[in-house]
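Biologist: Can you walk me through this one? Sheets, rings and core, please.

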Amino acid sequence: QVQLVESGGGLVQAGGSLRLSCAASGRTFSTYVMAWFRQAPEKEREFVASIYWSGTSTYYADSVKGRFTISRDNAKNTVYLQMNSLKPEDTAVYYCAAVVAVGTTPKYWGQGTQVTVSS
């Protein structure tokens with residue numbers, strides 16, 4: 001069993017920055033593809049970014065490309081999401097997720113952290 005705990009959410013003005021962290025338990029963290037998703041009120045959960053085991057391969061939703069950066073520190077069992085140039089439409093609950101096998105849906109989810117961007 002893997003537990004994921006997000007932190008770093010909060011209220012920020014448009015144009016500002018936040019850094020989300022996701023701490024994972026378990027010795028197999030370095031073997032997982034890690035990802036961030038988000039869910040805005042009355043909308044479906046959507047993919048934001050993902051990062052492969054070594055950290056050299058990353059993927060982003062078009063809506064955040066160039067503004068968000070995903071990274072990981074396998075020694076600390078932690079994945080990060082640096083969010084810059086935030087927009088009101090980035091307001092959502094952000095979830096950390098762990099993908100055990102490439103091409104499958106995430107097996108483990110965090111509880112989520114609220115990000116609110118004011119205009």
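**Strands, rings and core**

Modeller: The model is predicted. β1 and strand β3, residues 18-24, run antiparallel and are joined by four bridges. Leu4 stands opposite Ala24 in β3.

Biologist: What is the strand order in the open sheet of four strands?

Modeller: The order is β1-β3-β8-β7, with antiparallel pairing. β1 (4-7) and β7 (68-73) are the edge strands. Each has a single partner strand, so one side of each has no neighbour in the sheet.

Biologist: How are neighbouring strands of this sheet turned against each other, on average?

Modeller: By 15°, with direction ignored.

Biologist: Now β4. Which strands does it pair with?

Modeller: β4 pairs with β9 in the antiparallel sense, over seven bridges. Phe37 stands opposite Tyr95 in β9. β4 is also joined to strand β5, residues 46-51, by five bridges, and these two run antiparallel. There, Arg38 stands opposite Glu46 in β5.

Biologist: Which residue takes a positive phi in the hairpin of β4 and β5?

Modeller: Glu42, with phi near 65°. That hairpin has six residues between the strands.

Biologist: Is strand β4 mostly covered or mostly open?

Modeller: Mostly covered. Strand β4 spans residues 33-39, and six of its seven residues are buried.

Biologist: Switching to rings. How many aromatic pairs does a search of the whole structure find?

Modeller: Six. One of them is Tyr52 with Tyr59. Their ring centres are 5.8 Å apart and the planes stand at 55°, so this pair is tilted. Tyr59 counts as partly exposed, at 43% relative accessibility.

Biologist: What about Tyr95 and Trp109?

Modeller: Their ring centres are 6.5 Å apart. The planes are at 85°, so the pair is edge-to-face. It links distant parts of the chain, 14 residues apart. Tyr95 is in strand β9 (residues 92-99) and Trp109 is in strand β10 (residues 108-109).

Biologist: Which residues form one aromatic cluster with Tyr95?

Modeller: Phe37, Phe47 and Trp109 form it together with Tyr95. Phe37 also faces Tyr95 across the β4 and β9 pairing.

Biologist: Which charged residues sit over rings?

Modeller: Arg45 lies over the face of Tyr95, 3.9 Å from the ring centre. The charged end of Arg72 sits over the ring of Phe29, at 4.7 Å from its centre.

Biologist: Last topic. How many residues are in the largest nonpolar core?

Modeller: It has 30 residues. The ones with the most contacts inside it are Leu4, Met34, Trp36, Val79, Leu81, Met83 and Tyr94.

Biologist: Which strands each supply at least two residues of this core?

Modeller: β3, β4, β5, β7, β8 (78-83), β9 and β11 (113-118). As a background point, nonpolar side chains tend to be buried together in soluble globular proteins.

Biologist: What is Met34 in contact with, leaving aside neighbours within four places in sequence?

Modeller: Its contacts include Leu4, Cys22, Phe29, Ala49, Ile51, Ile70, Val79 and Cys96. Arg72 is also among them.

Terms used: Residues are numbered from 1 along each chain as its sequence is written. This is a predicted model: local features need pLDDT of at least 70, side-chain atom pairs count only at pLDDT 80 or more; totals for chains, interfaces and linings use all residues. Side-chain values use heavy atoms; hydrogens and water are left out. Two strands pair if DSSP finds at least two bridges between them. Axes are lines fitted to C-alpha atoms, for helices over the stretch in contact, and angles run from 0 to 180 degrees between N-to-C directions. Rings of Phe, Tyr and Trp (its six-membered ring) pair if their centres lie within 6.5 Å; planes under 30 degrees apart count as stacked, over 60 as edge-to-face and the rest as tilted. Buried means under 20% relative accessible area, exposed over 50%, partly exposed in between (1.4 Å probe, protein chains only). A charge sits over a ring if NZ of Lys or CZ of Arg is within 6 Å of the ring centre and within 35 degrees of the ring normal. A nonpolar core is a set of buried Ala, Val, Leu, Ile, Met, Phe, Trp, Tyr and Cys residues joined through side-chain atoms within 4.5 Å. Contact means heavy atoms within 4.5 Å.
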